[in-house]
Amino acid sequence: MSVIVDVAKFAAALPKVELHLHLVGSASLETVLTLARRHPDGGVPTDREELRRFYAFRDFPHFLRVYHDVNLLVNTGADVVTLLAGLAEDLAGHNVRYAEVQVTPVRNRMAGIDHDDLAQALVDGRELARTEHGVELGWIFDSDSLLGPAGAEETVDFALRQRPAGTVGIGLGGPELNVRRADFAPAFRRATEGGLRSLPHAGETVGPDEVWAAVTELGAERIGHGIGAATDPRLLEHLATHRIPLEVCPSSNVATAAVPSLAEHPLPTLVAAGVPVTLATDDPGMFHCDLTGEYRLCHEVFGFGVDELATIARTGAEAAYCTPELRTQILTEINALLPH
Ligand code: ADE
Ligand code: ZN
């Protein structure tokens, strides 16, 4: 007997993990408007429609400039808790049980939040996410490549000294053009020797070389985006054999013009090569996307059915640095949702 499944409903009901999500980029339009009105000289529109237009990105460097402007509006620990409360509510609405959030302590310090205040805000926000929304949060402390190796070293200092509850690993965002991942190897080595996971972005806007560098120079255990790997069969085989997951964010890649269109997105190539792939939203407040929608578009654009979507959800749970108990619970719930 065949069972007809409404894939959109299935995508919404799937218990999920979200492994690639930036704190500032997760802020809803309403939250950013509130912050912008508090700081009307910050260069961020205070009108809803204007803010929407502000979020139309010409290219990746333009996106990063806008991201930095919004980052400068987040000035206090209380602002960070406000962002986390909004984020946890949004995640719960999409059945996300666990998320690893990229937090950029050096950029937060530049906006006026010292490291002690940031660590305390993360502890408070994590507690609130758990008790009020049933969402477990972990932290990836990333540096912006524009800040160079010194920025990465300060980020590692923050992570190792503060280690707020939920600390998972160290990341690296920002531009890739003219910045070599290899330059950050000493900071990543110090972080991994201190027990942190290596979780850099690579191959978001450039080809396979930087993904190779993330693996060989930074010891990457998961890679943010990694879509530049798609043109290198040997690299795809390496990622598949060594089970190095890619955190793939299709809507983000279209919004920042990293790929020309969803139809040309390399996600199906990655999946067909056996690379572990998880779905994520990156900066959902800026890209007007959510995690259920990313699963749905895999059905609508790439023709994935419930089995493929369930495999992606399982891969996320397996790639997450949550407790084993939470992982088992999520996997059990995914399996229970499949038509028998
Ligand atoms: N910072 C925030 N979002 C980012 C992205 N998609 N890539 C690199 N750095 C980022
Ligand atoms: Zn990112």
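Helix α4 gives the largest share of the lining of the largest cavity, six residues. Helices here are DSSP runs of H or I of at least four residues and strands are runs of E of at least two, both numbered from the N terminus. The structure is a predicted model, in which local features need pLDDT of at least 70 and side-chain atom pairs count only at pLDDT 80 or more, while totals for chains, interfaces and linings use all residues. Residues are numbered from 1 along each chain as its sequence is written, chains are lettered from A and ligands numbered from 1 in the order in which they are written, and side-chain values use heavy atoms, with hydrogens and water left out.

Two or more lining residues come from each of α4 (60–71), β2 (96–103), α6 (105–110) and β3 (136–144). Cavities and pockets were found on a 1 Å grid over the protein atoms alone: a cavity is a set of points where a 1.4 Å probe fits but cannot get out, a pocket is an open set with protein on both sides within 12 Å along at least five of seven lines, and lining residues have an atom within 4 Å of a point. Grid points are joined across faces, edges and corners, and a volume is the space filled by probe spheres set on the points.

The largest pocket has a volume of about 250 Å³. Of its 17 lining residues, those closest to the centre are Asp90, Pro284, Gly285, Cys289 and Asp290. Strand β1, helix α5 (77–92) and helix α14 (284–287) each give two or more residues to this lining, and the largest share, three residues, belongs to α5.

The zinc ion (ligand 2) is coordinated by His20 (NE2), His22 (NE2), His201 (NE2) and Asp282 (OD), at 2.1 to 2.3 Å. Donors are N, O and S atoms within 2.8 Å of the metal (3.2 Å for Na, K and Ca), and sites may look incomplete because water is not among the atoms. The four donor atoms subtend angles of 87 to 172°, so the arrangement around the zinc ion (ligand 2) is irregular. For reference, four donors count as tetrahedral if all angles lie between 85 and 135 degrees; four count as square planar and six as octahedral if opposite donors are over 155 degrees apart and all others between 65 and 115; anything else is irregular. Along the chain, the donors of the zinc ion (ligand 2) follow the spacing H-x1-H-x178-H-x80-D. Distant parts of the chain are linked by His20 in strand β1 (residues 16–22) and His201 in strand β6 (residues 201–202), which are 181 residues apart. His20 is buried at 0% relative accessibility, and His201 is buried at 4%; buried means under 20% relative accessible area, exposed over 50%, and partly exposed in between (1.4 Å probe, protein chains only).

Turning to the cysteines, the count of disulfides comes to zero, where a disulfide is a pair of cysteine sulfur atoms within 2.5 Å. The nearest cysteine sulfur to that of Cys249 belongs to Cys289, 8.2 Å away. Cys249 is buried, with 0% relative accessibility, and Cys289 is buried as well, at 13%.

Two residues other than glycine have a positive phi. Asn178, with phi of about 65°, lies in the loop between β4 (167–173) and α9 (185–193) and is exposed at 81% relative accessibility. His288, with phi near 55°, sits in the loop between α14 and α15 (291–302) and is partly exposed at 43%.

Helix α16 (residues 306–319) holds Asp307, which is exposed at 53% relative accessibility. Asp307 and Pro339 are 32 residues apart in sequence and 9.5 Å apart in space, C-alpha to C-alpha. Thr311, also in helix α16, is partly exposed at 40%, and its C-alpha is 9.2 Å from that of Ile334, 23 residues away in sequence.
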